[in-house]
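Me: I am new to this structure and would like to go through it slowly, asking at each step what a term rests on.

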Amino acid sequence: MSARRWRWVYLLDAAVLGGLGFLVVAPLAILVLLSVTQEWGTGFRGGLTVQWLLEAPRVFGASILHSLAVASVTMAATLLLSALVAYGVLTRKFRGGIVVDALVMAPLTISYIVLGLALILAFKEPPLRLHGTVWLLLVGHLMIAMPLGYRTTLATLEAADIGLVEAARGLGASEWTAVRRVILPLVSPGLVASSLLAFVTSLQNYSLSFMIAPERYKTVPLQLFEYIFAETGSYSNYNLGAAVSLVLMAVLLSALGLVRWLTGQSWHENLNV
Amino acid sequence: MEGYLVVRKLRKAFGPVVALAGVSFSVERGEFFTLLGPSGCGKTTLLRCLAGFERAEAGEILIDGRDVRDDEPEKRDIGFVFQRYALFPTMTVAENVAFGLEVRKRPGPEIDQRVQEVLRLVGLQGLDDRKPRQLSGGQQQRVALARALVIRPRILLLDEPLSNLDAKLRVEMRMEIRRLQKDLGITAVYVTHDQEESFALSDRVLVMSQGEAQQVGTPQELYFAPRNQFVAGFIGQTNFLGGRCVERAGGWIVVDCLGARVRLPTERDVSPGAAVAFTVRPEHVRLERVSRGENSIRAVVRQVQFLGPTIGYYAQTGSVMLLGEVHGVTRDEVEKLPRQGEEVWCAFDPEDCVVMGTEAR
Ligand SMILES: Nc1ncnc2c1ncn2[C@@H]1O[C@H](COP(=O)(O)OP(=O)(O)O)[C@@H](O)[C@H]1O
Ligand SMILES: [Mg+2]
């Protein structure tokens, strides 16, 4: 290929990278800008401030706690449930693996607004009267987090050679010991990834929460929406909204860093090829 | 039969596929016993039933007189060496080997000592801290062996452990496995599809085909007295021939085969005119330039294969291709052997023929 053609390839690369980069970076940059400037629209000219960042936890304190609580419980439940189901399906512990698979994935195909409505209708009467309680919110978040968590867990387990459980049992380990000592170290990075997906899915969700969250248990997305749209007229709400997002992002990034540090090296290193 | 391991009428099917159709055998304490058969005949399934990874639908498995069919794998005290090793990838060599002792809650110093001992035994000392992926295939095989041996299992099961190694290493490793088994007095059940390997290793061999036991015996018994066509064909190569009985006298019959009178040893009651099937191995077929009367079949040499220690012949008579082999010929003798296109007599001794079947009256 001629040098001329190469130059075109480089140019194309630069254009694609630059374009994508701009699309991602621009909103993030504006987010940061908004959280530390005095006033929406004036940029740095209006003066810098930490007012919003300090105010965010105060105004959004309750909903931040709610969100983190719901996301944590959702994450833990998703992790446990997807690990159990994926292991069961892979080792053929129960019949109808395909049905289980379809059931877990189903919520992905339903509009969350409709899903919320269905949940309300299903759980507004005894024996399971969950409507208006935080339990329904947890059930809903679990339903939308499971497809991602389960898929990731299944893929991780599939890559890990379940046959090793037999090898360990043959050596005298119970099935639980075999899974804990042989499979778990092999799949833990994958499980962490699966958990994070579940956590973020819950943390981000607006539409389902909008339908089923109890009045007194607002999550961050719900309160943000109210702040930014319901009480228009004051620009400061934008800045506060941006600051809240920034605070959440910081929390997420440090959580991510923490698990990375805790789980140590990459699991690719241990996969036998 | 009251062996250390007794298997009676074991049956296992996967949906419509019958993997084991009622297999029975018995293994003595300290014996090296091999399941030999073509791929897909149910060898792995049988081993997995013994280890408890698979549940048989019917039949019994007795170890030391006790039925173990309802025991979980971890309760059976059986060592298993997998075809693909199945080493624990996150653990080092030493940790892999120590695993079986740790789950048995042995004290630390004892574990260390026994791990070192068995690593020395299989020739892996100094590799304690390697991860499985840093080892060669042969070394991984040794770790798998050490891991199974260290728990001093009642029975050691090995599923084609050498099939992933190259030919030379395979021969080396099988000597080593046999040595270890003898030194440690292990009761071993070994699986292979390689007849030579099974003979080199085993006290006794069970030949399997399509989920059924065909014959059990020492290598010599299987070689010299195969019970049916399948065994005769699977153990080395052989010529399948047949003819009509023309004469019968105590312990012998004479059949008319491919235009020759062939004398065969048999105790069966064969009436004149009945069809008789028999086999004779290529290594017992000599190519001669003159007929010796009985047991000489006239044929034309179609192909000569010089293989070094042996020379193989394909000689044709009518639609039948006879296999012959000559062993240990010197350089001078090679020159004088029959060539392609030459007419020869394929001769064999009556004692080397095995009657497989006779027509019932
Ligand atoms: N888990 C399984 N599911 C379905 N069929 C199986 C399974 N395991 C083995 N089989 C079938 O059972 C037969 C015996 O298999 P196997 O015991 O692996 O034979 P071998 O080890 O002698 O090659 C084969 O036809 C195989 O396809
Ligand atoms: Mg097999």
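**Domains and chains in contact**

Reply: In this predicted model, chain B is divided into domain 1 (5–234) and domain 2 (239–359). The centres of domain 1 of chain B and domain 2 of chain B, taken over C-alpha atoms, are separated by 39 Å, and the contact takes 9 residues from domain 1 of chain B and 7 residues from domain 2 of chain B.

Me: How do you know what area domain 1 of chain B and domain 2 of chain B bury between them?

Reply: Buried area is the accessible area that two parts lose on being put together, summed over both, and for domain 1 of chain B and domain 2 of chain B this comes to about 700 Å², with 56% of it on carbon and sulfur atoms. On the domain 1 side, Tyr223(B), Gln229(B) and Ala232(B) lose the most area to domain 2 of chain B, together 64% of what that side buries.

Me: Why is the pair Arg181(A) and Glu102(B) called a salt bridge?

Reply: The term asks for a side-chain nitrogen of Lys or Arg within 4 Å of a carboxyl oxygen of Asp or Glu; the closest N and O atoms of Arg181(A) and Glu102(B) are 3.0 Å apart, so the pair meets the cut-off. Across the interface of chain B and chain A the rule finds 4 salt bridges, whereas across the interface of domain 1 of chain B and domain 2 of chain B it finds 0.

Me: What makes up the side of chain B that touches chain A, by class?

Reply: That side of chain B has 13 nonpolar, 2 polar and 8 charged residues.

Definitions and conventions
Residues are numbered from 1 along each chain as its sequence is written. Chains are lettered from A and ligands numbered from 1 in the order in which they are written. This is a predicted model: local features need pLDDT of at least 70, side-chain atom pairs count only at pLDDT 80 or more; totals for chains, interfaces and linings use all residues. Side-chain values use heavy atoms; hydrogens and water are left out. Ala, Val, Leu, Ile, Met, Phe, Trp, Tyr, Cys and Pro count as nonpolar, Asp, Glu, Lys and Arg as charged, and the others, Gly among them, as polar. Domain bounds come from an automatic or database domain assignment. Contact means heavy atoms within 4.5 Å. Buried area is the accessible area (1.4 Å probe) that two parts lose on being put together, summed over both.
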